[in-house]
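Please read it alongside the sequence and the coordinates.

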Amino acid sequence: MSRQAWLAALAGLTLLRLVLAALIPLSPDETYYWLWSRHLATGYYDDAPLIALWIRAGTFIAGNGALGIRLLSPLSAAIGTLLLWRAGEDLFPNRRAGLTAALLLNATLVLNAGAIITTPDTPLLLFWTASLWAMARWLATGDDRWFLAAGLAAGLGFEAKYTAALLFVAIGLFMLATREGRAGLRRPLPWLGLLLGLLAMLPVVLWNAAHGWASFAKQGGRSAHLDLAGTPGHLLGLIGGQAGLATPIVLGLMAWGVWSLRRDRSAPARLVLLAVLVPAAVFVEHTLSGPVQANWPAILYPGAALAAGAIAPRIAHAWLRAAAALGFLLAAIVWLQAAAAPFPLPPHRDPTAIRLAGWRALARDVARAAASRHLTVIASTDYSTLSELAHDLPPRFAVVGLGPRWRFFAAPPAAPGTPVLLVEPSWLAGFAAGQVAAAVPAGHAARRRAGVAIESYVLSAARLAAAPAALMRPKQ
């Protein structure tokens with residue numbers, strides 16, 4: 001495929017992703033981060049804060065619907081693709097490395113999901129790729145000013161998700177391990193780039209310092225214990241998850257590329273290998289204490305795609321075509337099921353139903369139940385339920401988040417004694433007993449797809465007790 005044809009294909013793919021972003025229902029994580037965007041802060045309990053500003057920018061342009069919340073995701077996937085393409089050409093010239101890396105990355109489910117569903121992984125992947133691109137530009141040009149871009153991008157990546165700290169480690173090891181890097185350390189601009197990256201990280205560090213290191217402790221606490229008996233299962237889950245998210249052929253080509261570079265002592269090869277092996281080692285180590293969520297290793301993919309690009313002349317065109325065909329076919333199936341549910345899967349076995357379906361109808365039922373009792377405040381301890389209701393309820397309703405996580409939220413506390421309609425998933429029924437008083441049963445509701453229940457909810461009329469609670473009016 002020529003460069004012009006590939007650019008046209010990327011433009012068409014981006015347009016398709018924008019259309020799908022507008023059509024596919026929002027996930028609870030997305031509406032939760034949308035709540036963040038309505039209450040901007042330099043830190044949050046659950047993760048780094050950049051996703052809030054990311055969504056706020058999109059909603060400023062396109063409104064608070066699905067397209068506004070997701071607007072930057074398809075665009076960032078396109079920009080990241082171009083940066084990866086350029087990085088491949090700089091690192092491994094005359095090998096079709098850039099086009100191959102861009103094609104393989106776009107064939108993964110992790111990018112095809114992240115190009116639509118907006119989570120912290122979306123800006124993280126963009127800035128991780130941008131930092132690798134800037135380092136590749138430095139290797140190609142010898143211009144130390146590229147370290148400023150690399151440092152800034154890595155710092156912004158940390159503001160998106162804390163695992164971007166691993167990129168600082170990878171680049172630092174690269175600088176120590178290569179002749180070019182050691183020579184660069186004797187000049188000022190690489191150090192200024194590091195300083196710029198650290199300054200970009202400063203807002204969330206200061207927020208954590210002011211809040212008892214709450215967010216760092218939550219994320220770092222995932223590895224606080226050993227589970228050696230479960231390690232084999234966790235390791236198999238890690239490998240299986242990547243076979244699914246990368247798709248099998250793409251994963252095989254990426255692994256081949258990484259293996260082939262192991263004896264290449266050139267600076268480009270060292271950079272790519274460290275960008276893959278440093279985070280990979282951390283995730284393998286994490287299997288000693290618990291499972292690795294399938295999306296966490298997404299940061300390996302840009303470097304692994306570049307490794308595959310480095311051996312592009314050795315990859316048969318048939319394998320590249322097969323990798324792209326399988327990847328985009330699987331993505332199309334997922335997209336189609338998420339948007340229109342044409343495949344009659346049982347809801348409890350359909351991840352798109354579990355995460356995406358039935359929220360608007362649930363909000364209508366909750367609104368009717370609240371109105372019948374003259375209540376205008378909806379409360380829940382479940383962040384998924386609360387954030388989806390916050391997005392889909394009419395503007396006259398306020399929502400109250402119950403529980404410790406909301407203590408750190410940039411919203412005023414809810415006053416004890418406030419009358420609320422408590423909405424809890426059935427599996428959490430009674431969990432809010434210490435946070436509400438005078439609770440009276442107010443019925444049941446359910447999320448459904450095609451008339452089949454996905455999840456049931458218990459409704460109660462109650463008054464807030466003296467417990468951590470944040471009062472939010474996100475549509476006012």
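## Basis and an enclosed helix

Buried means a relative accessible area under 20%, exposed means over 50%, and partly exposed lies in between, computed with a 1.4 Å probe on protein chains only. The model is a predicted one, in which local features need pLDDT of at least 70 and side-chain atom pairs count only at pLDDT 80 or more, while totals for chains, interfaces and linings use all residues. Residues are numbered from 1 along each chain as its sequence is written, and side-chain values use heavy atoms, with hydrogens and water left out.

Helices (H or I, at least four residues) and strands (E, at least two) are DSSP runs, numbered from the N terminus. In helix H17 (residues 300-310), 11 of the 11 residues are buried, so this helix is largely enclosed by the rest of the structure. Among them are Leu300, Tyr301 and Pro302, as well as Gly309 and Ala310.

## Packing of H5 against H17

The axes of H5 and H17 come within 10 Å and cross at roughly 45°, where axes are lines fitted to C-alpha atoms, for helices over the stretch in contact, and angles run from 0 to 180 degrees between N-to-C directions. H5 and H17 are therefore oblique to each other; angles under 35 degrees count as roughly parallel, over 145 as roughly antiparallel, 65 to 115 as roughly perpendicular and the rest as oblique. H5 passes H17 in a right-handed crossing, a crossing being right-handed if the near helix is turned clockwise from the far one by less than a right angle, and left-handed if anticlockwise.

In contact terms (heavy atoms within 4.5 Å), Leu84, Ala87, Gly88 and Leu91 of H5 meet Pro302, Ala305 and Leu306 of H17. The residues of this contact divide into six nonpolar, one polar and no charged, with Ala, Val, Leu, Ile, Met, Phe, Trp, Tyr, Cys and Pro counted as nonpolar, Asp, Glu, Lys and Arg as charged, and the others, Gly among them, as polar.

## Packing of H8 against H9

Helix H8 (residues 121-141) and helix H9 (residues 146-160) have axes that come within 8 Å and cross at roughly 165°, and the two are therefore roughly antiparallel to each other. Their crossing is left-handed. Residues of H8 including Phe127, Trp133, Arg137 and Trp138 take part in the contact, as do residues of H9 including Trp146, Phe147 and Leu156. The contact residues divide into 16 nonpolar, three polar and one charged.

## Salt bridges

Over the whole structure, a search finds 13 salt bridges, each a side-chain nitrogen of Lys or Arg within 4 Å of a carboxyl oxygen of Asp or Glu. Glu30 and Arg70 form one of these, at 2.7 Å from N to O, and this pair links distant parts of the chain, with Glu30 in helix H2 (residues 28-38) and Arg70 in helix H4 (residues 66-70), 40 residues apart. Glu30 is buried at 0% relative accessibility, and Arg70 is likewise buried at 0%.

Asp46 and Lys218 meet at 3.6 Å from N to O; Asp46 lies in the loop between H2 and helix H3 (50-62) and Lys218 in helix H13 (residues 214-220), so the pair ties together parts that are 172 residues apart in sequence. Within helix H5 (residues 72-91), Arg86 and Asp90 lie four residues apart, about one turn of the helix, and their side chains meet in a salt bridge at 3.0 Å from N to O.
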